[in-house]
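Reader: I am new to protein models. Could you take me through this one by question and answer?

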Number of protein chains: 2
Amino acid sequence: MDAIIISVGNELTAGQTVDTNTAWLSQRLAEIGAHVTLHVTVADEVAPLEREIRRACELADVVLITGGLGHTEDDLTREALATVLGVGLELNERCLERIRAYFTQRQRPMPQANTGQAMFPIGSTPIDNTCGTAPGIRAAFGRATIYVMPGVPREMQVMYERDVGPELQGRAAGAVILARTIQTFGAGESEIGERIRDLMSRGRNPTVGTTAQQAVIGVRIHAAGAGRTEAEHLLERTAAEIKSRLGPLVFGEDDDTLWSVVTRQLIAAGKKLSTAESCTGGLIAASITDTPGSSACFIDGVVTYSNAAKTRLLAVPADLIAAHGAVSRPVAEAMAHNCRRLSGSDYAISVTGIAGPSGGTPEKPVGLVYIGLADGGRCDVHEVRLGSFLTRSEIRDRARKYALNLLRLRLMGR
Amino acid sequence: MDAIIISVGNELTAGQTVDTNTAWLSQRLAEIGAHVTLHVTVADEVAPLEREIRRACELADVVLITGGLGHTEDDLTREALATVLGVGLELNERCLERIRAYFTQRQRPMPQANTGQAMFPIGSTPIDNTCGTAPGIRAAFGRATIYVMPGVPREMQVMYERDVGPELQGRAAGAVILARTIQTFGAGESEIGERIRDLMSRGRNPTVGTTAQQAVIGVRIHAAGAGRTEAEHLLERTAAEIKSRLGPLVFGEDDDTLWSVVTRQLIAAGKKLSTAESCTGGLIAASITDTPGSSACFIDGVVTYSNAAKTRLLAVPADLIAAHGAVSRPVAEAMAHNCRRLSGSDYAISVTGIAGPSGGTPEKPVGLVYIGLADGGRCDVHEVRLGSFLTRSEIRDRARKYALNLLRLRLMGR
């Protein structure tokens, strides 16, 4: 089953908005074995829109259209589709009722313009929109089935999951393609590549590739199977193989982050964390507390940006800072050690470094970061040189990830 | 001058990667008065690629192609273009030398496969790639000029800015379109809309529209002029009008954030800030310190997640917490007041609230946040009810923005 996705909107052709709907839909279609051959983005104008819909219906079995279903004069997808089908638009009373109800629920009057969203090309059928006012449209032209969905991502996604996807599921005869990403930290893309080179060979199924995102190397697996079960089986087997080869470099899958994983580890182990941050400025505390339930494992954190603060909040001796500088191994150690002692936590992380762009010296260049990790037993300090080619934000982000990865490994007993 | 952008890559049609190149190029083209009529994304296969290039050359004066210039068997843009032009590929010695030099500089041997990147359709001309190995290609077919650029965003952007853009500049006879976004916080999209309704009327130049992004309402201006000067003039005039109408709701333009603006304000005023965060978990401190030079205005921050931490680090009386609860007006006030006093800063921000998803009660629902702002003179506490329909991350983000906006207004003397 060949599929073409058409995105509609001046904001897209003008580059004011990046189209994320198309990638999302392409993934969903791949999962049910549909083959996406083309993406097309066209402005809110009837003629080109009509032209693209006609062409797509000649090239594909399924044409998914997103956008242009709003209530403004710019929203012309309905009109263009009606022109393609050679029919007029008619009012669908049931849809109009639903739109009215939408506004009633929110105690707002329904603008007259929204009536237009209840107009449908004669012969087409509406698709309910359960989280917005614009219903979708289902129609047939030539060899193709056409589904029009709203451009608002959430409305489109819910409509696809609820109605469009299930309808297509049965029709797609092609291979089911399932995707998964194994997330790793601690090795470069080339080193990861070396370790799984054979799994990455062309033509293999599942296909395996690596992607680097801000020092997190993801290993992407795409498994094709005659059915979902076969694809899942293949996916599982390759995922297991990759995990066994990369060992502790693997911290999670898909949407896992180092902080969500570490937070889960801490909660599971019933351990408490406190943080003492300088150059990361609270980034580590903010990351940990982003996870629901983190109050169970996070006691407190301090952002000791000034030297005075390091002394006041962490009891780091002023002369220690004077002797070695705020960005030094002894200060990082004192920060972590005292942070844990003062807050009574099980683990304390400390970070002090030079995030730049200024403040670097030949001995202590931008990107030099000391990370301390203290538990009841010991306090390790790691010196990290992140390289001055990184931006300030990147250096802060890397320092955060490096610190959280150290804690992750410690919690794994390494 | 009509332009069509073609993106090439299986990772795009499969939805594994979101295409950001096209939006970026569309903006650049609009700025020089080119009219982007269509975006097309096609997989790495010669036949469909050839078909789309042919069609684009019939519909547009300029065809920009990104991707498929790599050195793997998947990279077929060169071949497809040669087929369209009806010519073969020939080696360009100069380009091969540049590619060799690229590897020599990095003390790496040049893989044989990279030789392919020096192959060009006969009659086409190379475009230098100053930050990667793949040169671009300039060719002509039918009415159109074709520019092929690498898919790697940075390589593409540099190549466009350096060679392609300047070449097109002269040719585009259409209106120059310049864009700017006025960033506001503190009012809803509808309220903003009411105040500038007349400026948003259809057909007006500049066009004005609003976009809502996590409570920040951006007012987008697109000014069309015969030349850059005229467009700039129109843009300035409308921007000034919008700013005067929205007054203190406006915090910046384009890439400005509430934190970058507040940090600039503090540095300019020579004032120091300290933060006392509970539910935002360090987000405010992390935001402020993301700005270079923030050490000049940020002393320290505490993330007092537990009640004990509020007492230990901020001297909030335990019985005060017991009496009113950690999420309460008195506790927010004590946090801000003591934070300022203890750190010796000019301003202190405190945040305590219920970020959810759990922890809400009928009296204190998820989304209830108290924000304290203390300076030498007084300490205000604001109660914010963010609504339980927001996610945990959204509630934390809104609380951060609300707090920083209060400080922004205070620094403006309001």
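**A walk through two chains**

Reader: Where in chain A is A:Ala355 placed?
Author: Helices (H or I, at least four residues) and strands (E, at least two) are DSSP runs, numbered from the N terminus. By that count, A:Ala355 belongs to the loop between strand 15 (347–353) and strand 16 (368–374) of chain A.

Reader: What kind of model is this, and how is it numbered?
Author: Residues are numbered from 1 along each chain as its sequence is written, and chains are lettered from A and ligands numbered from 1 in the order in which they are written. Side-chain values use heavy atoms, with hydrogens and water left out, and local features need pLDDT of at least 70, side-chain atom pairs count only at pLDDT 80 or more, and totals for chains, interfaces and linings use all residues, since the model is predicted.

Reader: Is A:Ala355 buried or exposed?
Author: Buried means under 20% relative accessible area, exposed over 50%, partly exposed in between (1.4 Å probe, protein chains only). A:Ala355 has 6% relative accessibility, so A:Ala355 counts as buried.

Reader: Which residues is A:Ala355 in contact with, leaving aside neighbours within four places in sequence?
Author: Contact means heavy atoms within 4.5 Å. The partners of A:Ala355 are A:Cys279, A:Val366, A:Arg392, A:Ile395 and A:Arg396.

Reader: Which peptide bond to A:Pro357 is cis?
Author: A:Pro357 is in the loop between strand 15 and strand 16 of chain A. Omega is near 0° for the cis bond, which runs from A:Gly356 to A:Pro357.

Reader: How far from A:Arg408 is the nearest side chain of opposite charge?
Author: A:Arg408 lies in helix 14 (residues 392–411) of chain A. Lys and Arg count as positive and Asp and Glu as negative; His and the chain ends are not counted. A salt bridge is a side-chain nitrogen of Lys or Arg within 4 Å of a carboxyl oxygen of Asp or Glu. A:Arg408 is buried and has no salt bridge, and the nearest side chain of opposite charge, A:Asp256, is at 10 Å.

Reader: What rotation superposes chain A on chain B?
Author: Copies are superposed by least squares on the C-alpha atoms of residues with pLDDT of at least 70 in both. The RMSD is 0.4 Å, with 0.4 Å of shift along the axis and a rotation of 180°. That is the relation of a two-fold axis.

Reader: What is the bridge partner of B:Leu64 in strand 8 of chain B?
Author: Strand 3 (residues 62–66) and strand 8 (residues 144–149) of chain B run parallel, joined by 5 bridges. In strand 8, the partner of B:Leu64 is B:Tyr147.

Reader: Which residue of the hairpin of strand 10 and strand 11 of chain B takes a positive phi?
Author: Strand 10 (residues 207–213) and strand 11 (residues 216–225) of chain B pair in the antiparallel sense over 7 bridges. There are 2 residues between the strands, and the positive phi, near 50°, belongs to B:Gln214.

Technical notes
Two strands pair if DSSP finds at least two bridges between them.
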